[in-house]
Amino acid sequence: MDKFVIAGGAALHGEIPTNGSKNAALPALAAALLTAEPVVLHRIPRVRDIRTIERLLVDIGSRTEVDGETVRLHTPEIVCPEAPYELVKTMRASSLVLGPLVARCGRARVSLPGGCAIGARPINLHIFGLEQLGARINQAHGYIEAEAPQGLRGAVVQFDRITVTGTEDLMMAAVLAKGETVLRNAAREPEVVDLAALLTKMGARIEGAGSSTIRIEGVERLGGAEHTVIPDRIEAGTFLIAGAITAGDVTVTDCLPEHLGALVSKLQQAGVEVTQPDAATLRVRGGGRLRSVDMTTEEYPGFATDLQAQYMALMTQAEGIAIIIETIFDNRFMHAQELARMGANIRVEGRQAIVAGPHVLTGAGVIASDLRASASLVLGALVAKGETVIDRVYHIDRGYEKIETKLARVGAHIRRVE
Ligand code: EPZ
């Protein structure tokens, strides 16, 4: 298992480019199942989760051709409408093939995702929505089997809690349903909007993506399309925090600042200088006194749960007490204990973590537990005194493409050890 060895203390200086969004690419790849015509997707990050869903799509019947960050998919027919446990257990987002498979061929057999490091992550709302659209659902042996031999029919789906991939799954199911579907209390994330843009290029009729009510008028069939996915706001946010925590001067390019409003506001409240040189760039200059600022994670446009761990690392260096409340997942503070082993003063009480600072971090051997927790350990290691060894960095590789190369290019002393 690969490790990262990081010698802390270097202030980062320079430009870091942003990759395409993993969480926009995953539903976009799944959407290719909805048509028998070719779909071309650009700016697909070469991260582990993408390779996982590409393997799944090939097993289902897609011909995929990867050329750098461009993926060409062609699914003339669905050969095997299944998502097996072996794949789903490694990546919960495999459930994104559920909606497209039922819409395209009237059936799907998808393994229920087990729990994962950040908490129980059921897909009951995905299933509920499909039932509302007329699918018959059977659960057995850890799988759900959905059938709609006569096709799906439009309906009103009221989510009792906001779910990002649930909204995406149901949007993809509804585009080929007979009649109109209304998704209420839908997720408003930029990745949902980006998926709607792709589906519209394929011929779907969707209104309201980005708001909490999305209307989809079903069509007979969808055609092929070419689409470039949006930049990864979580990767960009991680690098902004890297610039702040090392008191450096980091410019993140090829991003969409409007997707990072909540983080930028928090950084400015904490005393970090954040500027926007142009429409696709954000620049942070640290070095001033960092102030502790409370933060509560919320669905978009609130503060992203996927940046909570990274923000916690920053708050270990801030003056005062920061109360961080995690409202989206029920177990997303694993990084707190690892940061504490590096010297941070963090107390976890249920859904809140109380971070007292500033506390000097010292290098230690730590273990990555999930994708974003791992990123927060990298950030802690960048500012820690001495050397940190982070084990199980495959977690990081799921969502960050060559993070060590990008950070080393702006002055971090980080190397990957096989
Ligand atoms: C998406 O996961 C992201 N993944 C996650 O990013 C992100 O943390 C999350 O949204 C929240 O923003 C992708 O887009 C591939 P949810 P998703 O359904 O859709 C509960 C990363 O680091 N829930 O919005 O799985 C659920 O347990 C990953 O890139 C149900 O109860 O999240 C959670 O508590 C991690 N029943 C809450 O809703 C359901 O049917 C929000 O989950 C679905 C969800």
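Two residues are in contact when heavy atoms of each lie within 4.5 Å. This tour of a predicted model applies that term at several stops.

**First stop: D397.** Select residues 394-397, which form helix α13, and find D397 there. Is D397 buried or exposed? Its relative accessible area is 17%, and buried means under 20%, so D397 is buried. Next, display V47, R48 and R416: D397 is in contact with these residues, its neighbours within four places in sequence being left aside.

**Second stop: helix α2.** Select residues 48-60, the 13 residues of helix α2. At 1.5 Å a residue, the helix should span 18 Å; the C-alpha atoms at its ends are 19 Å apart, which agrees. Now colour the buried residues of α2, which are D49, I50, T52, I53, E54, L56, L57 and I60. Which elements cover them? The cover includes the helices α1 (22-31), α3 (85-88) and α4 (98-105), together with the strands β4 (63-67), β5 (70-74) and β6 (82-83). Finally, move on to G61, which follows α2 and has a positive phi, near 140°.

Select residues 334-341 for helix α11 and residues 371-383 for helix α12. Two packed helices are described by the angle and the distance between their axes. Here the axes come within 9 Å and cross at roughly 20°, which makes α11 roughly parallel to α12. The crossing is right-handed. To view the contact, show H335, E338 and L339 in α11, which meet A373, S376, L377 and G380 in α12. By class, this contact has 3 nonpolar, 3 polar and 1 charged residues.

Notes
Residues numbered from 1 in each chain as written. Predicted model: local features only at pLDDT ≥ 70, side-chain atom pairs only at ≥ 80, totals over all residues. Heavy atoms only, no water. Helix = DSSP H or I, 4+ residues; strand = E, 2+ residues; numbered from the N terminus. Buried < 20%, exposed > 50% of the residue type's maximum accessible area, 1.4 Å probe, protein only. Axes fitted to C-alpha atoms, helices over the stretch in contact; angles between N-to-C directions. Parallel < 35°, antiparallel > 145°, perpendicular 65-115°, else oblique. Left-handed = near helix turned anticlockwise from the far one by under 90°. Nonpolar A, V, L, I, M, F, W, Y, C, P; charged D, E, K, R; others polar. Expected span 1.5 Å × (residues − 1).
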